[in-house]
Amino acid sequence: MAADPRNLPPPYEGGCACGAVRFRVEAAPIGVRICHCRICQQAMASPFIVQASFPKSAVSVTGETAYWQSSPRLRRHFCLRCGTRVTIEPVDGDRLAFPLATFDDPGALHPEMHIWVTSRIPWLKLDDGLPQHPEASPEPYRTPE
Ligand SMILES: [Zn+2]
Ligand SMILES: [Zn+2]
């Protein structure tokens with residue numbers, strides 16, 4: 001699936017609520033997804049997460065974080081001072097994801113699909129026209145440009 005043509009070009013910068021953790025990305029996203037899975041709901045204390053994934057080589061992160069390993073393949077890094085969940089790291093891949101809400105410009109990128117809609121919170125109405133996948137995305141991440 002192609003990136004949304006309304007996306008602003010890189011670089012992208014962002015960070016946690018207190019400013020101790022900052023990140024900078026020098027590449028276009030390889031996927032921007034809205035996840036409704038229960039682990040994302042609980043980990044983000046939010047009805048869903050919107051996250052953009054990037055090739056790890058294009059990302060730099062400064063500031064001290066700790067992580068919770070939410071599954072054998074996923075580490076969720078957070079700021080030790082304010083607790084903002086800044087980075088999601090698959091341990092078996094060469095990519096990193098950041099919630100769009102942590103971007104300095106949270107509207108810079110646009111989501112491409114909903115995933116794990118089987119656990120969508122029932123009062124949440126989806127009318128954005130994006131594809132809705134019952135579980136994980138059937139499409140792979142894009143090859144980095
Ligand atoms: Zn912080
Ligand atoms: Zn999820």
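I started at proline 29, which sits in the loop between strand 2 and strand 3 (helices are DSSP runs of H or I with at least four residues, strands runs of E with at least two, numbered from the N terminus). This is a predicted model, with local features needing pLDDT of at least 70, side-chain atom pairs counting only at pLDDT 80 or more, and totals for chains, interfaces and linings using all residues. Residues are numbered from 1 along each chain as its sequence is written, chains are lettered from A and ligands numbered from 1 in the order in which they are written, and side-chain values use heavy atoms, with hydrogens and water left out.

**Entry 1: proline 29**

Buried or exposed, I asked of proline 29? It is buried, at 5% relative accessible area (buried is under 20%, exposed over 50%, partly exposed in between, with a 1.4 Å probe and protein chains only). I then listed its contacts (heavy atoms within 4.5 Å), skipping neighbours within four places in sequence: Asn7, Tyr12, Ala52, Ser53, Phe54, Leu109 and Arg142.

I went back to phenylalanine 103 for its partners. Residues up to four places away aside, it touches Tyr12, Glu13, Gly14, Phe23, Ala52, Phe54, Phe98 and Leu109.

**Entry 2: zinc, ligand 1**

Which protein atoms are the donors of the zinc ion (ligand 1)? I found the SG atoms of Cys16, Cys18, Cys79 and Cys82, at 2.3 to 2.4 Å (donors are N, O and S atoms within 2.8 Å of the metal, or 3.2 Å for Na, K and Ca; water is not among the atoms, so sites may look incomplete). The angles among the four donor atoms run from 107 to 113°, and the site is tetrahedral (for four donors, all angles between 85 and 135 degrees). The ideal angle for four tetrahedral donors is 109.5 degrees. Along the chain the spacing is C-x1-C-x60-C-x2-C.

**Entry 3: zinc, ligand 2**

The zinc ion (ligand 2) is coordinated by Cys35 (SG), Cys37 (SG) and Cys40 (SG), at 2.2 to 2.3 Å. Their spacing reads C-x1-C-x2-C. Cysteine 35 is buried at 6%, and cysteine 40 is buried at 5%.

Histidine 36 lies in the loop between strand 3 and helix 1, buried at 1% relative accessible area. Beyond four places in sequence, I count among its contacts Gln41, Pro47, Phe48, His114, Ile115 and Trp116.

**Entry 4: pocket and cavity**

How much space lies in the largest pocket? About 460 Å³ (on a 1 Å grid over the protein atoms alone, a pocket is an open set of points with protein on both sides within 12 Å along at least five of seven lines; a cavity is a set where a 1.4 Å probe fits but cannot get out; lining residues have an atom within 4 Å of a point). Its lining has 24 residues, with Arg73, Leu74, Ile115, Trp116 and Tyr141 nearest the centre. Strand 9 supplies the largest share of that lining, three residues.

I found one cavity of 30 Å³ or more, and the largest cavity is about 50 Å³ (grid points are joined across faces, edges and corners, and a volume is the space filled by probe spheres set on the points). Its lining includes Met1, Ile30, Gly31, Arg33 and Tyr141.

**Entry 5: around strand 8**

Threonine 87 lies in strand 8 and is buried at 6%. Valine 91, in the loop between strand 8 and strand 9, is partly exposed at 38%. I noted Gln69, Pro72, Arg73 and Arg75 as the residues valine 91 touches, not counting those up to four places away.

Notes. Tetrahedral: all angles 85-135°; square planar, octahedral: opposite > 155°, others 65-115°.
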